[in-house]
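The account begins with the salt bridges and then turns to the fold.

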Amino acid sequence: MSDFIEIHGIAGFGHHGLFDHERTNGQSFSVDVKLELKKRKVFKSDSIDDAVDYSHVIKVVHEIIVGDPVNLIERVAELIAQALLKTFPLKSVEVVVHKSNAPVGSPVGDIAVRIKRLK
């Protein structure tokens, strides 16, 4: 049996990308996370002390989105996964990084990278 927390649409303005204009001008990114919980005590205790604090998760993700630039959204996803697994009592994490305005030469609705990492 597994229990999850999902947070969708964590938004931030970052400077990730291969091209100079991406690094200079930046663009909006959006991240979804699915956290597989390690501790199940919260379901009986009903105490915030036993829970994963959503606002802290969002802060960790946002800091990476707006932080030091990297070339690829695959790397952004990996940095987020590593940080969440290190910070919270999780079994696994799934991270989706959306880069809707990626410079790919044709209009697209969204480009996203999805990864799953186990602790």
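In this predicted model, a search of the whole structure identifies five salt bridges.

| Salt bridge | N to O distance |
|---|---|
| K41 and D50 | 4.0 Å |
| K59 and E63 | 3.7 Å |
| R114 and E94 | 2.7 Å |

Side chains of opposite charge can pair when their charged atoms come close. K59 and E63 both belong to helix α3, where four residues, about one turn of the helix, separate them. The pair formed by R114 and E94 links strand β4, which holds R114, to strand β3, which holds E94, and so ties together parts that lie 20 residues apart in sequence.

Strands β3 (residues 90-98) and β4 run antiparallel and are joined by seven bridges. Within this pairing, S92 of the chain stands opposite L118 in β4. Both strands belong to an open, antiparallel sheet of four strands in the order β1-β2-β3-β4. Its edge strands, β1 (4-14) and β4 (112-118), each pair on one side only. From one strand to the next, the twist averages 15 degrees.

Two helices accompany the sheet. Helix α3 (residues 54-66) packs on the sheet and touches β1 and β2 (27-37), with its direction at about 35 degrees to that of β1. Helix α4 (residues 73-87) lies across β2, β3 and β4 and runs at about 150 degrees to β3.

Note on methods: Residues are numbered from 1 along each chain as its sequence is written. This is a predicted model: local features need pLDDT of at least 70, side-chain atom pairs count only at pLDDT 80 or more; totals for chains, interfaces and linings use all residues. Side-chain values use heavy atoms; hydrogens and water are left out. Two strands pair if DSSP finds at least two bridges between them. Axes are lines fitted to C-alpha atoms, for helices over the stretch in contact, and angles run from 0 to 180 degrees between N-to-C directions. Contact means heavy atoms within 4.5 Å. A salt bridge is a side-chain nitrogen of Lys or Arg within 4 Å of a carboxyl oxygen of Asp or Glu.
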